[in-house]
Amino acid sequence: MTETAQAPTRALIIHPLPPGADDSRADARLEEASGLAIALGLEAADAIIEPVRKLEAGTYFGKGKLETLHERMQALEVQAVIIDTALSPVQQRNLEKRWQVKVIDRTGLILEIFGERARTREGRLQVELARLTYERSRLVRTWTHLERQRGGRGFLAGPGETQIETDRRLLASKMAKLRRELEQVKRTRALHRTRRQAAPWPSIALVGYTNAGKSTLFNRLTAAGVLAKDMPFATLDPTVRGVRLPSGRRVLVSDTVGFITDLPTELIAAFRATLEEVREADILVHVRDLSDPDHEGRKADVESVLTALECGPAHGQPMIEAWNKFDRLDAEARDDAVWAARMAASKSRASVHTVSAVTGEGVSALLEAVDAALGRDDERISLDLEPGQAEIAAWLHEHGEVVSDRRDAKTGQIRIEARLAGPDAGRFRAKFAALLNDEADA
């Protein structure tokens with residue numbers, strides 16, 4: 001006898017509008033919360049924007065609103081409610097008692113999705129630490145090792161036993177163990193970064209809102225085959241690959257975890273080792289989704305997270321904007337986007353490019369912009385090489401951009417002009433100091 005598939009949990013998604021809140025992004029926030037719920041495997045029975053006149057410390061919503069929402073839940077026959085804001089432990093507990101359904105706030109929802117997406121050992125460690133940090137004040141509902149009443153996982157499981165003191169000791173012990181393991185991961189990542197810096201190749205980090213197309217662009221640039229799906233947080237673990245720019249310069253490009261509005265502080269702390277790839281990058285490429293009606297709002301969200309990480313333009317880190325998914329726009333919208341990109345570049349004096357990671361349109365111009373940004377401190381070197389000095393010419397071809405390479409037919413002497421990045425110019429002088437001295441004496 002075959003088992004029948006379990007029906008998905010029906011959920012009501014609520015985006016609350018507290019007093020004084022900006023309602024211009026409410027529709028986008030509600031759509032995003034619905035997408036997150038669906039990505040978690042929930043069935044969205046309904047999604048609503050709910051104004052809140054006054055925030056109640058114990059229940060968030062007032063008595064009348066609680067009753068109205070409860071009637072709606074009963075009519076929809078939902079088993080879970082997603083509240084698209086951060087709830088206190090007391091508010092979450094009281095709402096569950098009042099409504100007799102599972103209540104998941106925004107932080108819990110994002111943590112649950114991160115748990116679904118984590119694949120590597122590092123990603124799982126980071127998510128688990130973030131989850132335990134969040135659950136520390138919500139022991140009786142969400143720490144599922146105590147589950148006795150029915151199966152399930154994460155925040156959708158049934159209630160556990162109330163062994164608070166035992167839970168706290170076990171939590172503290174487990175969190176300490178996770179921190180030690182993550183510290184080892186951090187040391188290993190720092191070692192790998194040190195080795196890469198010794199190369200030394202400049203590093204480029206792709207950043208942006210979740211589902212903006214960073215992984216698709218990364219695959220376009222590197223042919224890396226990284227998972228790229230139309231879903232939130234498809235990438236949690238950073239991937240680094242080498243890329244050669246139009247000038248011949250080699251760079252390291254890293255794909256990073258997507259950002260989101262109100263990214264939980266627990267996740268920022270847990271993923272700090274991963275996000276150090278962003279902090280250490282020579283240039284950030286901010287990938288933006290042009291097809292998202294709220295892409296300007298998403299930009300502000302990304303810049304807010306970057307500032308929290310102490311990086312980005314606010315901390316003097318160069319950034320280039322890649323306005324992605326250009327292929328999804330119709331002809332009129334494409335013209336508007338090109339004009340808006342020019343205006344944005346003129347206004348901020350930043351480099352802004354419309355691209356399509358799917359078709360490759362605009363990607364060459366983006367790479368040239370990265371090349372130009374890295375080349376601001378380049379040095380030009382002109383040398384007359386004898387026929388026996390082919391090693392020097394080969395080194396310049398390998399590490400820089402050879403602008404011209406002319407051989408004298410009579411003498412066999414090579415007149416070579418090359419452009420080298422600052423670090424490579426220093427390495428060139430150190431390696432071929434004797435030649436340079438001879439040239440100076442001559």
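This is a predicted model: local features need pLDDT of at least 70, side-chain atom pairs count only at pLDDT 80 or more; totals for chains, interfaces and linings use all residues.
Residues are numbered from 1 along each chain as its sequence is written, and side-chain values use heavy atoms, leaving out hydrogens and water.

How many aromatic pairs does the structure hold? There are 2 aromatic pairs (rings of Phe, Tyr and Trp, the last by its six-membered ring, pair if their centres lie within 6.5 Å; planes under 30 degrees apart count as stacked, over 60 as edge-to-face and the rest as tilted). The ring centres of Tyr60 and Phe61 are 5.2 Å apart and their planes stand at 75 degrees, so this pair is edge-to-face. For Phe61 and Trp99, the centres are 6.1 Å apart with planes at 40 degrees, which makes the pair tilted. That pair links distant parts of the chain, with Phe61 in the loop between β2 and α2 and Trp99 in helix α3, 38 residues apart (helices, H or I of at least four residues, and strands, E of at least two, are DSSP runs numbered from the N terminus). Trp99 is buried too, at a relative accessible area of 2%. Together, Tyr60, Phe61 and Trp99 form one aromatic cluster.

## An exposed alanine

Now look at Ala57, in the loop between β2 (43–51) and α2 (63–76). Is Ala57 buried or exposed? With a relative accessible area of 68%, Ala57 is exposed. Leaving aside residues up to four places away in sequence, Ala57 touches Ser88 and Gln91 (contact means heavy atoms within 4.5 Å).

## Charged partners

The count of salt bridges comes to 22 (a salt bridge is a side-chain nitrogen of Lys or Arg within 4 Å of a carboxyl oxygen of Asp or Glu). One of them joins the side chains of Arg29 and Asp84, at 3.4 Å from N to O. Arg29 sits in helix α1 (residues 26–39) and Asp84 in the loop between β3 (80–83) and α3 (89–99), so the bridge ties together parts that are 55 residues apart in sequence. Both Arg29 and Asp84 are buried.

Asp292 and Arg298 also form a salt bridge, with their closest N and O atoms 2.9 Å apart, and both residues are buried. Salt bridges that share partners join Arg25, Arg29, Glu32, Asp84, Arg106, Asp292, Asp294, Arg298 and Asp301 into one network.

## The nonpolar cores

The largest nonpolar core has 34 residues (such a core is a set of buried Ala, Val, Leu, Ile, Met, Phe, Trp, Tyr and Cys residues joined through side-chain atoms within 4.5 Å). Residues with the most contacts inside this core include Ile82, Phe259 and Leu306. At least three of its residues come from each of domain 1 (10–104) and domain 2 (203–375), with domain bounds taken from an automatic or database domain assignment. Apart from this core lies another, of 24 residues, among them Ile204, Leu221, Val243 and Leu374.

## One face of a helix

Which residues of helix α14 (residues 390–399) are buried? They are Ile392, Ala393, Trp395, Leu396 and His399. Seen down the axis of α14, these buried residues fall within an arc of 160 degrees, so they line one face of the helix (the arc is that of the directions from the helix axis to the C-beta atoms).

Technical notes:
Buried means under 20% relative accessible area, exposed over 50%, partly exposed in between (1.4 Å probe, protein chains only).
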